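I opened a new model today and wanted to get to know it. These are my notes on what I looked up.

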Amino acid sequence: MLGAGAIGAYAGAALARGGTDVTLIARGPHLAAMASRGVRVLSPRGDFTAHPRATDDLAAVADAEVVLVGLKAYSLPEIAPRLGKLLAPGAAVIWAQNGIPWWYFQSLPDPAGGAGLESVDPGGVIAGSIGPEHNVGCVTYCSTEIIEPGVIRHIEGTRFTLGEPDGSKSERCGLISAAFAGGGLKAPVDARLRDQIWLKLVGNVAFNPITALTRATLGELGTLPEMHDLLRAIFAECATVAGRLGISFPVSLDRRLEAGLAVGDHKTSMLQDLEAGKRLELDCMTGAVVELADRLGIDVPHVRTVHACAKLLDQLRSLH
């Protein structure tokens, strides 16, 4: 588990409890706590403690058959060259990032007129460092937070949907799915993972930056009719871009919107990052949609406006 933060430490602890040999790579007080006391998970599904190995040494990935990368998307260009050199020849790398993943156009004819996205892989650094044979996609539906070093509160969701970039049903995805199931998690393998990526992305593009800008919980977003209109407009713009890329949404966007608001008194990861003084994960979400829309000649004024406002918020926060 490279980047064993809230989600990575939770998944790692669950896998370790299920009998998988797990090493957590983290840093700071969170690492120190996990190394000395293990990972304590507080969950409505039952509390538990697991004791996987924990280290800050990236070289630990060299022995791994599977590396789950739980880092923020903006961290990948810096670490990819070192990671690529360390990976074992047959290792699978599960990319559990938000937004449009850097590998999105691998194994696809690219209707957007360019293999990579500058917003998620500036200069193609990641693609140049990680061989395509390593890549496994992942869409996480799992809400967790670190409430103190080494202690994870699991709020809801246990699904880590997996998929090969070429849509094949591979033996390795089957084995990884079985290991997740052994730890009490769900890891279905989806031949059309990009549909799932976009289903999650439309919610992230609409909810995350707006909650950061307004400090609202998901439930509070739903209390203002005008906000419903704005969220629907953002959903529609994202859906237009997705449609041009051949995406079929597995559920209706109205249902996706209502399900997001129904989560209630929960702060999005972006609002949590803002309050913790961390950088906002914008470029892989709103930034990627704007870049794709520009390539495809689609007007996305609401997404563009929210992206500009959130980008300025992030820039000003980093200056103070």
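**Entry 1: the whole chain.** First reminder to myself: this is a predicted model. I looked up the secondary structure and found 12 helices and 8 strands in the protein chain. Next I checked how compact the chain is. Its radius of gyration is 19 Å, close to the 20 Å that the globule rule gives for 320 residues, so I can call the chain as compact as a globular protein of that length. Along the principal axes, the C-alpha trace spans about 50 × 40 × 40 Å.

**Entry 2: contacts and surface.** I took the contacts between residues at least 6 apart in sequence, and 75% of them join residues at least 24 apart. Of the 320 residues, 51% count as buried.

**Entry 3: charges.** I looked up 29 positive and 34 negative charges, and their mean positions sit 3 Å apart.

**Entry 4: the cores.** Which residues have the most contacts inside the largest nonpolar core? They are Trp198 and Val241, in a core of 71 residues. Helix H6 (residues 193–214) gives this core its largest share, 10 residues. I then followed Trp198: leaving aside neighbours within four places in sequence, its contacts include Ile100, Tyr104, Val241, Leu245, Phe249 and Leu292. Apart from this core lies another one, of 32 residues, and Ile94, Val136, Cys142 and Phe180 are among them.

Methods: Residues numbered from 1 in each chain as written. Predicted model: local features only at pLDDT ≥ 70, side-chain atom pairs only at ≥ 80, totals over all residues. Heavy atoms only, no water. Helix = DSSP H or I, 4+ residues; strand = E, 2+ residues; numbered from the N terminus. Rg over C-alpha atoms; globule rule 2.2 N^0.38 Å. Buried < 20%, exposed > 50% of the residue type's maximum accessible area, 1.4 Å probe, protein only. Contact = heavy atoms within 4.5 Å. Lys, Arg positive; Asp, Glu negative; His and termini not counted. Charge placed at Lys NZ, Arg CZ, Asp CG, Glu CD. Core = buried A, V, L, I, M, F, W, Y, C linked by side-chain atoms within 4.5 Å.
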